[in-house]
Amino acid sequence: MQIKLDGTVGDKMPETWSLDFETRSEVDLRKTGVYRYVEGDHASILCMAWKPPREEPRIWIPNRPDLPDDLNELFSYILGGGLIRAFNAEFEYVVWNALMPVPRPILAVPLLRCTMAQAAAASIRQSLANASFDVNLPQDKQKDKRGKYLIQHLCKPQRLSKKNPEMFWRYEDHPDLFHELYDYCKQDCIAEEALSERLRPLSEYEQRVWEMTIWVNERGVPLSVDEAAEIDVLVKRSKILLDEEASALSGGAFKSTNQVRLVVDWVNKRMEEF
């Protein structure tokens with residue numbers, strides 16, 4: 001059977017292993033992006049899970065001799081050119097290259113498959129929890145809702161105090177929560193695999209566009225700081241003018257389009273008039 005250039009066989013993706021990291025850093029990922037995030041002084045991997053098809057997820061925890069794990073299986077698969085799947089695979093790609101201990105195999109961009117990109121191509125929501133709900137995955141294959149609490153307490157810096165002098169909680173302080181995090185990481189692999197199998201693979205063109213996005217983020221884009229500042233001024237000025245125009249059209253029902261609830265209420269009232 002011949003595999004197409006986009007990594008598909010017919011309408012199905014060839015064998016692909018799911019991969020997921022749980023990490024921590026004092027840098028805010030949402031504000032800075034993953035490249036600055038992994039440069040944080042305290043950036044580190046808490047655990048990594050991977051899942052071959054039709055098998056249970058494996059887990060690797062750094063510096064935990066009481067939980068032995070063999071990375072040879074995963075390393076051999078990657079060295080053999082195996083495809084790796086992740087939800088927002090750029091995150092796993094950057095974390096792997098920046099934080100995984102050496103020696104390690106190269107995680108090549110053309111061998112990555114992004115389930116979030118699949119969700120975007122299918123016009124469904126681009127979060128693992130929402131996308132899994134959108135395609136009606138069974139409950140045992142959905143993202144664990146407990147994850148939000150675990151990430152807030154184990155992956156983000158805590159407020160320092162006399163009772164809490166450490167920036168991050170240690171395994172010794174909350175082993176129960178850390179074990180929940182390990183299970184959460186494995187469940188993400190299950191959800192990523194199930195979601196990917198419900199969605200069509202990216203076309204060759206879509207895959208190449210996604211790969212180009214990674215290369216652009218890796219290399220950067222030349223930018224004139226002065227021109228960017230001028231553009232920012234123009235955007236802010238235009239927003240003020242557009243808000244004033246929209247407010248006038250609404251008869252003063254709202255002053256800014258950021259007042260979403262007031263805008264929605266005004267639109268609904270206008271709809272009732274028709």
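What separates Lys186 and Asp183 in helix α8? They are 3 residues apart, so about one helical turn lies between them. Helices here are DSSP runs (H or I, at least four residues), numbered from the N terminus. The model is predicted, so local features need pLDDT of at least 70 and side-chain atom pairs count only at pLDDT 80 or more, while totals for chains, interfaces and linings use all residues. Residues are numbered from 1 along each chain as its sequence is written, and side-chain values use heavy atoms, leaving out hydrogens and water.

Let us stay with this pair. Lys186 forms a salt bridge with Asp183 (a side-chain nitrogen of Lys or Arg within 4 Å of a carboxyl oxygen of Asp or Glu), and their closest N and O atoms are 3.8 Å apart. At 46% relative accessible area, Asp183 is partly exposed; that class lies between buried, under 20%, and exposed, over 50%, using a 1.4 Å probe and protein chains only.

Asp188 is buried, with a relative accessible area of 3%.

Glu180 is partly exposed at 28%, and Arg146 is partly exposed at 32%.

Elsewhere, Glu55, Arg58 and Glu73 are linked in a network of salt bridges.

How values were computed
Helix = DSSP H or I, 4+ residues; strand = E, 2+ residues; numbered from the N terminus.
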